[in-house]
Amino acid sequence: MNARAGIEGTLSFQILAIDATVADVRLKSSRGTGIDRMLAGRPVAEALSLVPMLFSLCGTAQGVAAARACEAAAGIVPAGAQQAARELLVLGEMVASHAWQLAIEWPRLLEEAPDPGILLGIRRAVAALPRTLYPAGDWTRPGGGALKPDASALDGPLEHIAGAVEALVGAGFAEIRDGDDLARWSRRAGTTAARLIGRVMADDMAGFGRSGIANLPDLPDRWFADRLSGDPDFSMAPDIDGGPAETGALGRVSGTPLMAGLIRRFGNGLLPRFAARLVDLAGLPSRMRDAAGRLEPARPAPPEAAQGASGSGAGSAETARGRLAHWIALNRGVVTAYRSVAPNEWNFHPRGAFVRGVVGLPADDGLRQRVDLLIAALDPCVPCHVMMEERAGA
C-alpha cells in the first residue's frame with residue numbers, strides 16, 4: 001500500500017435489517033491513520049510541502065490548513081493578500097470537488113453517461129491558479145510565499161470556471177427562491193443536476209435521511225487545537241458538547257431563502273443536502289472574483305519565522321465536504337506531533353448524520369438505492385463499500 005492510500009483509506013457500511021426495519025448501521029473507517037507517523041520528525045518546511053501531496057482530494061485545503069496550523073504554533077500572522085490568495089486556491093478546489101459530483105457521480109446515480117469533458121476543463125482551470133499567484137510554487141510556506149498575482153493570466157481560468165459552473169448547474173438557478181421554484185426549474189433546466197433534484201422530489205425522497213443532527217458551527221481554530229491536542233481519539237470520532245455534528249454545504253448556505261424553506265420542510269434530508277451543494281457551487285465563482293480583487297504582490301515570509309519555532313496550534317480550511325482542521329506541535333522547527341480531523345469523521349460518525357438518518361427506516365426494495373443517494377449527498381472523500389444483511393427477529 002502506498003503512503004497516500006494508507007492515509008486516505010476506505011469507508012465501509014454494514015447495514016443490518018431485522019424484521020424489515022434497519023436496526024443497526026456499523027461504520028468502519030481506515031482514513032487518516034498514517035499522517036502523524038508520516039510527518040513526525042520532519043523539518044516543518046518539508047512537512048508542509050508534503051501534506052498536499054498526500055491527498056488526492058482536497059490537497060490544497062489540506063495544505064492551507066497545515067500552513068495555518070504551523071502559523072498558529074509559531075505566532076505568524078500572514079498578510080491580508082496572502083489570506084486572499086489562499087482563499088482563492090481553496091475556493092477553486094471546492095469548485096472542482098463539486099464538479100466531480102455533478103459531472104461524474106450524479107450521472108451514475110441516474111444511470112446516465114458522465115460528462116468528463118466539462119470536469120477536465122474545470123480541473124485545468126483550477127490547476128492553473130497556483131501558477132498565476134505563486135510562480136515559485138511556495139504557497140504552503142508559513143506566513144505566505146512569493147505572491148506575484150498575474151491579473152491577465154488569472155482572468156481566463158476564472159471566466160472558464162464561471163461558465164462551466166453555470167453549464168453544470170443550469171440556467172436560472174440563481175433566481176430560485178422556494179421549493180415551488182425549484183420544482184419548476186428541475187423540469188426545464190435540462191441538466192443532470194436538475195434531473196437529480198426532480199427525481200428526489202418526484203419519488204418522495206426529499207426528507208429521506210433526515211436525522212436532527214445539528215450543523216457544525218463556525219468554531220475558532222483554537223477550539224480544534226484544544227480537542228486535537230487533548231484527545232487522540234478526537235480525530236476519528238469528533239464531537240461537540242458530547243454529540244456528533246454535520247458539516248458541509250448545508251451548513252454554509254442554510255440561511256438563504258431557498259434553503260431555509262427546504263430545511264423547514266425536510267430537515268437535513270436528501271433534497272436540502274443536494275440543493276445546498278448547488279447553491280454552494282453556484283456562488284463560488286463570485287466568491288473567487290471577490291478574493292481575486294483583494295490580491296496584491298507580497299514578499300515571502302522569512303524562513304526563520306518557522307524554522308526555529310516551538311509551540312503548537314491548529315488551522316482549518318473549508319472544503320466542498322465541510323470543515324477540515326489540522327493540529328501541529330513543533331520543537332525548534334521540527335514536527336513532534338500531528339493530527340487532523342476531516343469532514344468524513346463528522347458526517348460518518350458512529351452516532352452521526354448517516355447512521356441516525358438510516359436506523360429505524362423500512363428495509364424495503366428501494367432502501368439500497370436511497371442509501372446510495374444519501375452517501376452521495378454526504379459525499380465521503382474515500383472509496384466506500386456497502387453491505388446489507390437481513391435477519392428475522394427473535
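1. Start with Trp346: this residue is buried, at a relative accessible area of 1% (buried means under 20% relative accessible area, exposed over 50%, and partly exposed in between, with a 1.4 Å probe and protein chains only). A word on the basis: this is a predicted model, where local features need pLDDT of at least 70, side-chain atom pairs count only at pLDDT 80 or more, and totals for chains, interfaces and linings use all residues. Residues are numbered from 1 along each chain as its sequence is written, and side-chain values use heavy atoms, with hydrogens and water left out.

2. What about ring pairs? The structure holds 8 aromatic pairs (rings of Phe, Tyr and Trp, the last by its six-membered ring, pair if their centres lie within 6.5 Å; planes under 30 degrees apart count as stacked, over 60 as edge-to-face and the rest as tilted). Phe234 and Trp346 make an edge-to-face pair, because their ring centres are 6.0 Å apart and their planes sit at 80 degrees. Phe234 is in the loop between helix H10 (221–230) and helix H11 (249–252), while Trp346 is in helix H15 (residues 343–347), so the pair ties together parts 112 residues apart in sequence. Helices (H or I, at least four residues) and strands (E, at least two) are DSSP runs, numbered from the N terminus. Phe234 is buried too, at 2% relative accessibility.

3. Another pair to look at is Phe348 with Phe354, which is tilted: 6.0 Å centre to centre and 45 degrees between the planes. Phe348 counts as buried at 6% relative accessibility, and Phe354 is buried at 0%.

4. Phe354 turns up again in the largest nonpolar core, which has 95 residues; Phe354, Leu182 and Trp185 have the most contacts inside it. (A nonpolar core is a set of buried Ala, Val, Leu, Ile, Met, Phe, Trp, Tyr and Cys residues joined through side-chain atoms within 4.5 Å.) H5 gives the most to this core, with 16 residues. A second, separate core has 20 residues, including Leu39 and Val335.

5. Leu182 touches several residues beyond four places away in sequence, among them Phe173, Ile197, Leu258 and Ala275 (contact means heavy atoms within 4.5 Å). Ile197 is one of the buried residues of H9. That helix, residues 192–202, is mostly covered, with 8 of its 11 residues buried. Its buried residues pack against H5, helix H7 (151–169), helix H8 (179–188), helix H13 (270–292) and H17.

6. Now the largest pocket, with about 960 Å³ of space. The closest to its centre, of 34 lining residues, are Ser56, Leu57, Trp100, Arg123 and Arg321. H5 gives the most to the lining, with 9 residues. (On a 1 Å grid over the protein atoms alone, a pocket is an open set of points where a 1.4 Å probe fits, with protein on both sides within 12 Å along at least five of seven lines; lining residues have an atom within 4 Å of a point. A volume is the space filled by probe spheres set on the points, which are joined across faces, edges and corners.)

7. Finally, check two loops. Arg332, between strand E4 (322–331) and strand E5 (334–341), has a positive phi near 55 degrees and is exposed at 69% relative accessibility. Asp379, between H17 and E6, has a positive phi of about 60 degrees, but is buried at 3% relative accessibility.
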